Amino acid sequence: MIHITINGIPREVTEDTKILHAATMAGYHIPTLCYHQDLPPTGNCGLCVVELGNGKVVRACTTPVEEGMVIKTHTKRLFDLRKAGLEMILSNHPNNCPECIKNGHCELQSLSERLGVRCNVLPTIPRTITRLDTSSPALVLSPGYCIQCNRCVQVCNDVQEVHALEASERGFETFIGPTLNRQLEESECIKCGQCSAYCPVGAIYEADDSDEIWNAINDPDKIVVAQEAPAVRVALGEEFGLPVGTNVRGKMYSALRRLGFDYVFDTNFGADLTIMEEATEFALIFKTNPDEFPLITSCCPAWVDFLEKFYPDMIHYFSTAKSPHQMLGTMVKTYWAKKMNIPAEKIFLVSVMPCTAKKYEIERMDTMFASGYQDVDVTITTREFARMIKAYGLDFVNLPDEEPDNPLGEYTGAGTIFGASGGVMEAALRTAYYLITGEELPDPNINFVRGLHGIKTGKIDVAGNEVRIGVASGIGNVRTLLDEVKKAKEEGKPIPYHFIEVMACRGGCVGGGGQPWGSKMTIRKQRAKGLFTEDAEMQVRQSHNNKSIQKLYEEFLGKPNSEKALKLLHTKYIPRPLFQK
Ligand code: SF4
Ligand code: SF4
Ligand code: SF4
Ligand code: FES
């Protein structure tokens, strides 16, 4: 242990503790701007300065404690230094908060309030860097707002290992953008939106598509239909002050109806359908051609984009099952439209997703038009949905709990855990086991796939055979699993995994790039807990036991992987160049 003194009070902390953490543990909150608890500290902004006993000023986020260290966290000199640092940042910032998408959620704004910086005392140095980049269907880059904290570059390079962003120019003209001055859409970017989740200001954010929805709602010729991903229900409440991880499914349906949606279904139904198709693929390979393993899950569009760009030689192992909201989209515009006698062209289908990449997915290839129309018309993120609720003036917290419309609203516990890393695998194994053995998996809880670890592995016994499982979340972790598989194949050795689940965002969709601002690993964990709690409380926890799914196959699709199901519910993949230019 190391002995230090913080503001005159002796403390004992472990070796290698940074001053910032030691102070937090002692109850002193030092202002930070570039620092984020999920990322290694960079010491970029200089706002976390503290004073040592020898008068030296150091950055608390990067400086480790030393034996006998005397630390002061809130002297007059430090207040002045922090204010001056913040004023310097603001002198080069647009400071037009009402126009900024981050207004009310901005870390620069809240720090200014906290440090009492209310007007620009330094002359403003207008930025010549505007370069608004709207090329991507998923994200907008607005480098004029950038404060060069470097978090987005850290996330893109070190967590996702995509390396799409870099700093260009120097001094006040420095800006962060796609490599080699490309537009985002021309770059390697896989649209995961993790850069936007970590940006403290309004410099990277989701492309906002809510106007299209208002237009459709106000068009008397449109039947406007909504579906919502599992991870949305355990995050949306944060926007309205509810505890992290609160499951607000009933209020979510209620809010959608009050906004003007004519029908409200649930993507969890689509998740059950995806499982039927994907688990059938698994069972078929298991029974007929195990050399074809591994089977890799495909419901994450950022992961699909990554695979097509970075691992085209592995496309063969990808499940062709579409993601849950795309499957549900096709079913709305075919099966349900026919049942209801509504012309498909009148239906305007909106997906509410935790995800920025879904905005790209809805048009990524012709298979997303399987109904004869664009299966999903618009995708909005949890953040856009929350803004719509606020714009409408709904008292969200006090809305009554309602149920979704049926038959495309009924779902099982397997459908709801899709939103957390490991959930797709757990759901798929429950059904694959049943399809192979004719019996229910003795314990539906497969605990080794749960949790926030970037890589989770384990095995289960299926009909006397060992099935090896790999689960990765955070794209950087995927490479490890794929490279293990490639090496085993090349060397003619048994493959390390038969079934692999991949989610681009750490912790899965609960940590998606479109979830409420301020997402960190501790918050992702609480959201995932909310989903697993719902699963544990449900009477039906296997997709194949969903009565509406059974009826859909009886009345319309035939059986999983039938010719009709393959046409409507499956997709394909093509190698894509890393750069469009
Ligand atoms: S969306 Fe993902 S891949 Fe694209 S720049 Fe941001 S972090 Fe990188
Ligand atoms: S874009 Fe945002 S996250 Fe990236 S360096 Fe600028 S302020 Fe930081
Ligand atoms: S993990 Fe989920 S939220 Fe993240 S990119 Fe994939 S589908 Fe979207
Ligand atoms: S928070 Fe420590 S330098 Fe920015």
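How many helices and strands does the protein have? I find 19 helices and 17 strands, where helices (H or I, at least four residues) and strands (E, at least two) are DSSP runs numbered from the N terminus.

**Ground rules.** I am working with a predicted model, in which local features need pLDDT of at least 70, side-chain atom pairs count only at pLDDT 80 or more, and totals for chains, interfaces and linings use all residues. Residues are numbered from 1 along each chain as its sequence is written, and chains are lettered from A and ligands numbered from 1 in the order in which they are written.

**Overall build.** The C-alpha trace spans about 75 × 60 × 50 Å along its principal axes.

I also checked burial: a residue is buried if 20 or more other C-beta atoms lie within 10 Å of its own, exposed if 12 or fewer, and partly exposed in between, with C-beta atoms placed from the backbone. By that count, 50% of the 581 residues are buried. For contacts I used C-beta atoms, placed from the backbone, within 7 Å. Residues 24 or more positions apart account for 75% of the contacts with a separation of 6 or more.

**The core.** A nonpolar core here is a set of buried Ala, Val, Leu, Ile, Met, Phe, Trp, Tyr and Cys residues joined through C-beta atoms within 7 Å. Which residues touch the most other members of the largest one? Among its 163 residues, they are Cys152, Val225, Trp303, Val332, Val350, Ala428 and Ala504. Helix H9 (residues 267–288) gives the largest share of this core, nine residues.

Phe282 is in helix H9, and I counted it as buried because it has 26 C-beta neighbours inside 10 Å. Leaving out residues up to four places away in sequence, Phe282 touches Leu295, Ala428, Ala432 and Phe499.

**Ligand shells.** I call a residue near a ligand if its C-beta atom, placed from the backbone, lies within 6 Å of it. For classes, Ala, Val, Leu, Ile, Met, Phe, Trp, Tyr, Cys and Pro count as nonpolar, Asp, Glu, Lys and Arg as charged, and the others, Gly among them, as polar.

- Ligand 1 has 14 residues around it, and the closest are Cys156, Val162, Cys189, Cys192 and Cys195. Helix H4 (151–159) and helix H5 (194–198) are the elements that give two or more residues to this shell. I get 10 nonpolar, three polar and one charged.
- Ligand 2 also has 14 residues around it, with Cys146, Cys149, Cys152, Cys199 and Ala203 nearest. The classes are 11 nonpolar, two polar and one charged.
- Ligand 3 has 14 residues around it, the closest being Cys300, Cys355, Cys505, Cys509 and Gly512. Helix H10 (residues 301–310) gives the most, three residues. This shell has 12 nonpolar, two polar and no charged residues.

Not counting residues up to four places away in sequence, Cys152 touches Leu165, Ile176, Cys195, Tyr198, Cys199 and Ile204.

**Strands.** I took two strands as paired if DSSP finds at least two bridges between them. An open sheet of four strands runs in the order E11-E10-E13-E14, with parallel pairing. Strand E11 (263–264) and strand E14 (378–381) are at the edges with a single partner strand each, so one side of each lacks a neighbour in the sheet. Strand E13 (residues 347–353) is joined to E14 by four bridges, and Met353 has Thr381 as its bridge partner.

Strand E7 (residues 165–168) and strand E8 (residues 175–178) run antiparallel, joined by four bridges. They form a hairpin with six residues between them, and Glu169 in the turn has a positive phi of about 60°.

Which peptide bonds did I note as cis? The bond from Phe293 to Pro294 is cis, with omega near 5°, and another cis bond joins Asn406 and Pro407, with omega about 15°. Pro294 is in the loop between H9 and strand E12 (295–296).

I also noted His163, in the loop between H4 and E7, with a positive phi near 60°. His163 is partly exposed, with 15 other C-beta atoms within 10 Å. Leu180, in the loop between E8 and H5, has a positive phi of about 55°, and with 11 C-beta neighbours inside 10 Å it counts as exposed.

Definitions and conventions:
Contact = placed C-beta atoms within 7 Å.
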